[in-house]
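Open the model in your viewer and keep the selection tool ready. We will go stop by stop.

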Amino acid sequence: MKDLISVHGVHFRYDEESDWTLNNVSLSVYPGEWLAIVGHNGSGKSTLAKLLNGLLIPEKGEVVVEGYNSRDENSIWEIRRRVGIVFQNPDNQFVGTSVMDDVAFGLENNGIEREEMIRRIKASIQKVKMENFLDQEPHHLSGGQKQRVAIAGILALKPSIVILDEATSMLDPMGRKEVLETMRELNKQEGITVISITHDLEEAAKADRVLVMKAGKVHAEGTPEDIFKQSGMLLDIGLDLPFAVKLQHQMNKQGLHLSSLHLTQEEMVDDLWTLRSKT
């Protein structure tokens, strides 16, 4: 499959006196996939997110998004148009006095004509199911609703890639569910590529592919099944395991062996019912 994003031998540090924040990082992102990038604090995952969007430029190596190289000044705005980022704190992302004004902000900055702007605002708000809140003041919204509006503002710019940079970490369980369900629908129905920067391995377990960062390098890469089979490696670098995986390890110690490794509680329950029906 052709790469949507290609990262080749990227090095980055915030000043010349410091160690490399990213050290010889190479990876690919493919059209329509959900890629989870996990790692402990300081592993370089959020810095990587900003490099993918062109907010930061590598000191060495290249980041190429749909043929546009971030080291080329003329390509930066094309990259940022294609790669949208939803950040951690929803309260820091609002600039408008209403939901409609906020979604319109990016379109106005890009010089979109009024009629096209109105059409895009309505379409993007509908996609995140916030059409009943167009005139609502942002501070009256819940955390999950705020993040859905932030997603709408990005969708209005018609990106091919959306990065969730710890976008659910400050939300309550309901808000986290709202945001992830919204993005999964957009991923499946609209074909938008999603890159989830997260330390939540429950979230990563539902990705198509997982990339593990450690000390500024790509430490491991594979399907969720491949990664979570390496539970010792994850624990060694300071990451927790999804509840279902931890429970299955405990069940194995008690002599109850399931048919395969389950990454979600739903999968485990189904397998337990099947096992029970056979006994």
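In which helix is lysine 50 found? Select helix α1, residues 45-53, and you will find lysine 50 there. Keep in mind that this is a predicted model.

Stay on lysine 50. Its relative accessible area is 26%, so it counts as partly exposed, the class between 20% and 50%. Now show its contacts. Leaving out residues up to four places away in sequence, lysine 50 touches Leu55, Leu56 and Asp165.

Move on to the rings. How many aromatic pairs are there? The count is one. Select phenylalanine 12 and tyrosine 14: the ring centres are 4.8 Å apart and the planes stand at 90 degrees, so this pair is edge-to-face. Phenylalanine 12 is buried, because its relative accessibility is 8% and the limit for buried is under 20%.

Now look for charges over rings. Select arginine 13 and tryptophan 20. Arginine 13 lies over the face of tryptophan 20, 4.2 Å from the ring centre. Then select arginine 184 and tryptophan 34. Here the charged end of arginine 184 sits over the ring, 5.4 Å from the centre.

Last stop: serine 231. It lies in helix α9, which covers residues 231-236. Is serine 231 buried or exposed? Its relative accessible area is 15%, so serine 231 is buried. Show its neighbours, again skipping residues up to four places away in sequence: serine 231 touches Leu241 and His249.

Methods. Residues numbered from 1 in each chain as written. Predicted model: local features only at pLDDT ≥ 70, side-chain atom pairs only at ≥ 80, totals over all residues. Heavy atoms only, no water. Helix = DSSP H or I, 4+ residues; strand = E, 2+ residues; numbered from the N terminus. Buried < 20%, exposed > 50% of the residue type's maximum accessible area, 1.4 Å probe, protein only. Contact = heavy atoms within 4.5 Å. Phe/Tyr/Trp six-rings, centres within 6.5 Å; stacked < 30°, edge-to-face > 60°. Lys NZ or Arg CZ within 6 Å of the ring centre and 35° of its normal.
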